[in-house]
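Trainee: I would like to go through the pockets of this model. Shall we take them one at a time?

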Amino acid sequence: MAKVGVLALQGDFEKHIQMLDRLGVPAVEVREKSQLDEIDGLIIPGGESTTIGKLLVRYGMLEPLQTFARGGKPIYGTCAGAILLAKEIEGSHQDRIGVLDITVRRNAYGRQIESFEADIFIPRIGELPVRGVFIRAPVIKHVADGVEVLSRFGDDPVLVKQGNLLASTFHPELTNDTRIHAFFLSLFPV
Amino acid sequence: MSDILWSEKQKATWRNKVGLAEMLKGGVIMDVVNAEQAKIAEEAGAVAVMALERVPADIRAQGGVARMSDPKLIREIQDAVSIPVMAKCRIGHFVEAQILEALGVDFIDESEVLTPADDRYHVYKHDFKVPFVCGCRNLGEALRRIAEGAAMIRTKGEAGTGDIVEAVRHMRTVMDEIRRIQHLPIEELMTAAKEMGAPFELVLEVARKGKLPVPNFSAGGIATPADAALMMQLGAEAVFVGSGIFKSKNPARRARAIVEAVTYYNDPVKLAEISTDLGEPMLGISARALPETEQLAVRGW
């Protein structure tokens, strides 16, 4: 069975581990670069993208993660995780893995009082909507050629995929709906 | 009896409020008194800052009535950083809370560090769209605050002392009480709820799940990376550091070290490295030597 890691430097990594657990997939908390050799794919959780980015730099994990991504291993980033995967972050030089061809704007809906929930339709995973929990969420302002938009909320992409990389601006890990995590696991080579 | 847990029956906004608390887990929330300190905190890797006019050590030293900060200061700090900004209102001062919500702060701390505005009642926090964090010394106090709508709990410790003993005592008390009610037969839970002064439904939920329905952070007296890691090993899910950073000799270095200690709290080899050469910590005062009139943790009903 594929071994899935969840980056556990900061954020809601425990919630992702619980999702994987429900799907019967054991997950490892990843805090060391050496652990990247032992896993087949990685989830980057929600949290504070600046904090996680700084810790990635301080503990020498940024380049190994770029290599991990370019090697074709699946990575799924939610919210802060999506920001860390993005190549471009509007108006920011913050540290990032920068492998996914998208441009994001942080906190684009506003402060916490503007956080919201909405039904998100994702034809690829089924007819019934996913309940999207958006918390100080970023907006994906631009996607390059080769990036598939799997779902939009209004005009803005909220779930995108480029080869082995998956990113959502919302938090399926805060709901009981495991379909997006199951879809992520389907990206693993058999 | 219904199988649906208390927290599953709350309105949609509840998930968003608790969700932000989830995002702050494994992080450090730092007290700052101006935009410059807020930037130092963000640069060090803080997950959020608490905007206030005086850190608890100065409130303690200067005395007088401690109130909500001037909105001008809060706005300056909001403009200076991209991470969430929290601010404190006095216990029971729902108008200060309304003002903080209007300012768009990301979390309100209804805090015993400020002088209480009400000596019997707390703010009814479900009425607000902005999430609240409240302090507690034991499980009953935690569950009363959650029932009122707090989306995050922090054990109080004794703010502004730099002494970890009260933070440890409060965290151990909460964790012990959770472990205790998990093992009680169901017919004993109503009496347990009565004795703790906690809502029965929430006692049932904690007994079944073995944890609070909202994240549980630690505050009040953390001054070193080892203190932060100690609280994490005792069960805290993140830490608040007040006076401990900007009352030390080298705030930037200490702030960064505490951030790293919260991530690697279970790795003594890394903690040794992280704790090295940080400069003088805050001097501090012994929390156990304080007369009751000077203890902040006893505020809260």
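Trainee: Which residues lie nearest the centre of the second largest pocket?

Mentor: The model is predicted. The lining of this second largest pocket has 26 residues. Nearest the centre are Glu14(A), Gly235(B), Ala236(B), Glu237(B) and Tyr265(B).

Trainee: Which helix gives the largest share of the lining of the second largest pocket?

Mentor: At least two lining residues each come from α1 of chain A and from α7 (165–182), α10 (225–233) and α12 (251–263) of chain B. With 4 residues, the largest share belongs to α7(B).

Trainee: What is the volume of the second largest pocket, and how much space lies in the largest pocket?

Mentor: The second largest pocket has a volume of about 450 Å³. For the largest pocket, the space is about 790 Å³.

Trainee: Which helix supplies the largest share of the lining of the largest pocket?

Mentor: The largest pocket has 28 lining residues, with Lys15(A), Leu174(A), Asn176(A), Ser7(B) and Lys209(B) nearest its centre. Helices α1 (13–22) of chain A, and α1 (12–23) and α9 (200–209) of chain B, each give at least two lining residues. The largest share is 6 residues, and its source is α1(B).

Trainee: How many lining residues of the largest pocket are charged?

Mentor: The lining includes 10 nonpolar and 6 polar residues. The number of charged residues is 12.

Technical notes
Residues numbered from 1 in each chain as written. Chains lettered and ligands numbered in written order. Predicted model: local features only at pLDDT ≥ 70, side-chain atom pairs only at ≥ 80, totals over all residues. Heavy atoms only, no water. 1 Å grid on protein atoms, 1.4 Å probe; cavity = no way out; pocket = protein on both sides within 12 Å on 5 of 7 lines; lining within 4 Å. Points joined across faces, edges and corners; volume = space filled by probe spheres on them. Nonpolar A, V, L, I, M, F, W, Y, C, P; charged D, E, K, R; others polar.
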